[in-house]
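Welcome, and thanks for taking a look with us. Have the sequence and the 3D view open side by side while you read.

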Amino acid sequence: MTIHKDDRPTRPAETSTAAPRATFTGHRGLDQEEALIFERRGSVTKTGVDLPEPSRTKSRLAGLERTAPIGLPGLSEPETVRHYVRLSRKNYSIDAGLYPLGSCTMKHNPRLNEKIARLPGFADIHPLQPQRTVQGAITLMQMVSGYLLELTGMSAVALSPRAGAHGELCGMLAIKAAHEAKGSKRSIVLVPDSAHGTNPATAAFSGYTVKSIPARADGTVAAEAVRAALTDEVAAIMLTNPNTCGLFEPEIVAIAEAVHAAGAYFYCDGANFNAIVGKVRPGDLGIDAMHINLHKTFSTPHGGGGPGSGPVVLSQALASYAPLPYAVREGEGFKLVEDAETAGRQGNAPLGRLTAFHGQMGMLVRTLAYMLSHGSDGMRQASEDAVLNANYVRAGLRDVMSQPFGDQPCMHEVLFDDHFLKDTGITTLDFAKAMIDEGYHPMTVYFPLVVHGAMLIEPTESEGKGALDQFVATLRDLAEAASRGDAERFKQAPRLAPRRRLDETKAAREPRLRWKDDGSCA
Ligand SMILES: *Cc1c(COP(=O)(O)O)cnc(C)c1O
């Protein structure tokens, strides 16, 4: 990378990962190349606003003044606007097209949610305001809590976890607190090998040793395998339902009974709740703790790192360990219980706090807007349509792609493996990259790990038949090209994206996040 010290326009440097340059500028039609803001900084004296020179005052920095230039990019307001707009156009999103990322439930976020979340009474309040001035917000939190309990059949809910993984931590710490209260020092958590990576990570982070349970040949977990692994050392099982292969665990009730009989607790990873809302209540299945990704199931926006929201519902056995704060009725309104002593007087033993304040308020507002605008029948239909859409995609592709666990119906997402690419020299990664050239964000690939070359497709309920038909036709075309031996289309992909194949492993292992003045990155 180079900094252009003078203002003369030069042909921008080519990078090895960029698509072959066809133009002088590096722009591809109206898709503009854009340098880092630091690479294109003009003069640091250039600013977006004109302010009069400050009057001379005596410095009160006691010799701590900056001596070197600050190194800010000197851009005018229109230059700044263009920089960020150009970058934003490189971002694929659910608002731009179908986003079939399995396990992520990339559904449309109704704009009504956004409108409601921007009401000043929700958007402009502060968590340190006196509680009597934010009774509406606390009431909203109580309403969301009530509906989550209704939908899950559980006893208590903690709204503060900021994502699914954070919710897992909350649930596992509640389980740990319950064991400790009984004086039990159990050290093992059972996790099926199809689990999302956050499950074993959470168990380990909570101080447990992870013991893996193999999946059966049909992709589900056998109660027998769980029974065989249960000892008086086992604190809990962490199971996902529907599981990461897109299948409902048929023996879940027997698993819950075995886990409880062994004195352990049942944590359910609820990331796939979108498949069963209004159909099955996790509490009725014997689950003790489950996180709900509001940013998946309840349509609040996600991607690009946040903000998520991962409330945790708890069974009667764990309810008293729910973290602070929680709300109780007081007179006409609500009061937040924020300290362990008060909670203790109410018979609770909170595991502590997970966040400084009360969680992602904006996501709670969007969730309530989603719940109230859908109603109970609408939420149930959303789940039914999500399952229908996944099976529509499955039916459209099953003769040209391969399903690892046989030709059986799926829940809200459909799993394929790379068997259909055998002997073509084309990998799952190549296939996914070729989808980018066709204007589709790839599905989740190489997850779950129990399937070779996994491709996990979750269309969600918000895609219509036309969009699904187009998607199926595109994947059929790719699958047929692969079986014809048109390897070029895959090995060179993406050919049309602003960047070609990136070394994603290296990017994850050796992230270079800091730009240095000499144009290098560190
Ligand atoms: C998304 C997901 C998680 C983690 O949720 P985050 O909100 O991303 O932290 C855990 N388990 C499964 C199965 C998931 O799909």
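Predicted model: local features only at pLDDT ≥ 70, side-chain atom pairs only at ≥ 80, totals over all residues.

**Around the ligand**

The shell around the ligand is made up of Ser-103, Ala-163, Gly-164, Ala-165, Glu-168, His-196, Thr-198, Asp-269, Ala-271, Asn-293, His-295 and Lys-296.

| Residue | Protein atom | Ligand atom | Distance |
|---|---|---|---|
| Ser-103 | polar side-chain atom | oxygen | 2.6 Å |
| Ala-165 | polar backbone atom | oxygen | 2.8 Å |
| Asp-269 | N or O atom in the side chain | nitrogen | 2.5 Å |

On its own, the ligand would expose 380 Å², and the protein buries 87% of that area. Two elements, α5 (164-181) and α9 (294-297), each give two or more residues to the shell around the ligand. Of the elements, α5 supplies the largest share, with 3 residues.

Next, find helix α8, which spans residues 252-261. Its buried residues are Ile-252, Ile-255, Ala-256, Ala-258 and Val-259. Why do they lie on the same side of α8? Because they cover an arc of only 165° around the axis, they share one side of the helix. On the face turned away from that buried side, you will find the exposed residues Glu-257 and Ala-261.

What covers the buried residues of α8? The cover includes α7 (223-229), β4 (234-240) and β5 (265-269). Just after α8, the backbone at Gly-263 takes a positive phi of about 80°.

**A buried residue in a loop**

Now move along to Ala-454, which sits in the loop between β11 (444-445) and β12 (455-457). Is Ala-454 buried or exposed? Its relative accessible area is 0%, so Ala-454 counts as buried. Leaving aside neighbours within four places in sequence, Ala-454 has contacts that include Leu-415, Phe-416, Asp-417 and Thr-428. Tyr-446, Phe-447 and Pro-448 are also among its contacts. The C-alpha atom of Ala-454 is separated by 9.4 Å from that of Cys-245, although the two residues are 209 residues apart along the chain.

**Backbone details to look for**

Here is some background for the last stop. Most residues other than glycine have a negative phi, and most peptide bonds are trans.

Two peptide bonds to look up are cis. One joins Leu-324 and Pro-325, with omega at about -5°. You can find Pro-325 in the loop between β7 (312-314) and β8 (326-330). Another cis bond runs from Ala-493 to Pro-494, where omega is near 0°. Pro-494 belongs to the loop between α14 (488-491) and α15 (504-509).

Thr-105 has phi near 45°, and its place is in the loop between α1 (77-88) and α2 (111-117). Thr-105 is buried, with a relative accessible area of 0%. Tyr-446 lies in the loop between β11 and β12, and with 37% relative accessibility it counts as partly exposed.

Methods: Residues numbered from 1 in each chain as written. Heavy atoms only, no water. Near = heavy atom within 4 Å. Polar contact = N/O pair within 3.5 Å; in protein donor to acceptor, adjacent residues only side chain to side chain. Areas by Shrake-Rupley, 256 points an atom, 1.4 Å probe, with all protein chains shown as cover. Helix = DSSP H or I, 4+ residues; strand = E, 2+ residues; numbered from the N terminus. Buried < 20%, exposed > 50% of the residue type's maximum accessible area, 1.4 Å probe, protein only. Arc of directions from axis to C-beta. Contact = heavy atoms within 4.5 Å.
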